[in-house]
Amino acid sequence: MNYSIGIDLGGTNIKVAALAENKETLLRETCKTGTDLNFQWAETVRAQIRAVEDKLKGPPTAIGLASPGIVGPDTRRMAAVTGHLEGIQDFDWADFLDPVRPALLNDAHAALLGEVAQGAARGVENAVLITLGTGVGGAILAEGRLLKGNLGRAGHLGHICLDIDGAPDSNGIPGTLEAAIGNQTLAQRSNNLYSSTENLVAAHLAGDGNAGRVWLRSVYHLACAVTSLINVVDPEIVVIGGGIARAGDALFDPLRRYLEQMEWRALGYRVRIAPAQLGAFAGAVGAAFHALGENQTARGAS
């Protein structure tokens, strides 16, 4: 059987997906990541690959691996990794998983490709993904191709500036989208009244006026970012994912209402705004889908 394995390596969990060449999902698995001690997370990845091979009665034709960070120029390792997975920076995956060389990918890029393969962006050529959680990430599909940019930084949408007078983030960028809606700044935005966006939204829906003001201001900032991205990359769809997107109508109703006021609808075209469909497995599915494409390209060039 010809199939690919996608691995999404996160700080807490590892998600695994196997895809047939027709993009049908053959299996999905998840397990704990492990620690940096003796590269336990790397051994866990290898063990998961072997487990899939046993279940599917043979080795994959391709392996894709997604994680935070930027893919290094040699495409063998992740570079510029921050956060809980700093131990993976410069780890040589091609050597570790030899003889199958994995196709490496940023995790947000992989999530968008997952939505393109099986989810909300299936069949489109131009799409934007925004992931809303502790931080804010994203990715862009332009004319059917994942936009990576010069260094692989493309898609770090949480770091776009919305307020030139706002406090600078860790990169020195003032007033970012991440600061406006990410969970990590909620305490600051709400004067320590709400411990999570889930609690904030619940209070808003229960009629708490202060919660409503904080939440709707955050959504307004998101709408400003979305309409700006629409003007820059002209997508068919903007997909919203991440934990905050689970707010459902409490997020999407005011977001669409604000876009009614500010979106430039050239030729009467309205960009679709939709929730992500694949949840936690978007990155693993996208990594497997990406690996299938890389493998097919390599076979075509040989």
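This note sets out numbered points on a predicted model of a protein chain.

1. Nonpolar cores. The largest nonpolar core of this predicted model contains 35 residues. Within this core, the residues that touch the most other members are Ile 130, Leu 132, Leu 222, Val 238, Ile 240 and Leu 251. Several elements give two or more residues to the core: strand 8 (127-132), strand 9 (136-142), helix 4, helix 6 (197-205), helix 7 (209-233), strand 11 (237-241) and helix 8 (249-262). Helix 7 provides the largest share, ten residues. Another core lies apart from this one; it has 29 residues, including Leu 19, Ala 110, Leu 113 and Phe 281. As general background, nonpolar side chains in soluble globular proteins tend to be buried together.

2. Leu 251 and its contacts. Leu 251 is among the core residues that touch the most other members. When neighbours within four places in sequence are left aside, Leu 251 is in contact with Leu 132, Trp 215, Val 219, Leu 222, Ile 240, Ile 244 and Ala 245. A student may wish to locate Leu 251 in the structure and then find these partners in turn.

3. The largest pocket. The space in the largest pocket amounts to about 2000 Å³. A total of 49 residues line this pocket, and those closest to its centre are Pro 68, Asp 107, Thr 131, Gly 135 and Gly 137. At least two lining residues come from each of strand 2, helix 3 (107-118), strand 8, strand 9, strand 11 and helix 9 (282-301). Helix 3 makes the largest contribution to the lining, with four residues.

4. Salt bridges in the whole structure. A search of the whole structure finds eight salt bridges. In general, side chains of opposite charge can pair when their charged atoms come close. Asp 74, Arg 76, Arg 77 and Asp 92 are linked in a network of salt bridges.

5. Lys 55 and Glu 29. The side chains of these two residues, Lys 55 and Glu 29, form a salt bridge with an N to O distance of 2.5 Å. Because Lys 55 lies in helix 1 and Glu 29 in strand 3, the pair ties together parts that are 26 residues apart in sequence. Glu 29 is partly exposed, its relative accessible area being 25%.

6. Glu 260 and its two partners. Glu 260 forms a salt bridge with Arg 265, at 3.1 Å from N to O. The side chain of Glu 260 also meets that of Arg 270 in a salt bridge, at 2.4 Å from N to O. Arg 270 lies in the loop between helix 8 and strand 12 (272-275), whereas Glu 260 lies in helix 8, so this pair ties together parts that are ten residues apart in sequence. Each of these residues is partly exposed: the relative accessible area is 46% for Glu 260, 21% for Arg 265 and 46% for Arg 270.

7. Positive phi at two lysines. Which phi value does Lys 23 have? The phi of Lys 23 is positive, about 75°, although this residue is not a glycine. Lys 23 sits in the loop between strand 2 (13-20) and strand 3 (25-32), and it is partly exposed, with a relative accessible area of 33%. Lys 57 likewise is a residue other than glycine with a positive phi, near 60°. Lys 57 belongs to the loop between helix 1 (40-55) and strand 4 (62-67). With a relative accessible area of 75%, Lys 57 is exposed.

8. A cis peptide bond. The peptide bond that joins Asp 98 and Pro 99 is cis, with omega of about 15°. Pro 99 is placed in the loop between helix 2 (93-96) and strand 7 (103-106).

9. Thr 185. Is Thr 185 buried or exposed? Thr 185 is buried, because its relative accessible area is 13% and buried means under 20%. This residue, Thr 185, lies in the loop between helix 4 (177-181) and helix 5 (186-189). A polar atom of the Thr 185 side chain is 3.2 Å from the backbone oxygen of Gly 182. Residues up to four places away in sequence not being counted, Thr 185 touches Glu 178 and Ala 179.

Terms used:
Residues are numbered from 1 along each chain as its sequence is written. This is a predicted model: local features need pLDDT of at least 70, side-chain atom pairs count only at pLDDT 80 or more; totals for chains, interfaces and linings use all residues. Side-chain values use heavy atoms; hydrogens and water are left out. Buried means under 20% relative accessible area, exposed over 50%, partly exposed in between (1.4 Å probe, protein chains only). A polar contact is a pair of N or O atoms within 3.5 Å; within protein, one must be able to donate a hydrogen and the other to accept it, and residues adjacent in sequence count only if both atoms are side-chain atoms. Contact means heavy atoms within 4.5 Å. A nonpolar core is a set of buried Ala, Val, Leu, Ile, Met, Phe, Trp, Tyr and Cys residues joined through side-chain atoms within 4.5 Å. A salt bridge is a side-chain nitrogen of Lys or Arg within 4 Å of a carboxyl oxygen of Asp or Glu. On a 1 Å grid over the protein atoms alone, a cavity is a set of points where a 1.4 Å probe fits but cannot get out, and a pocket is an open set with protein on both sides within 12 Å along at least five of seven lines; lining residues have an atom within 4 Å of a point. Grid points are joined across faces, edges and corners, and a volume is the space filled by probe spheres set on the points.
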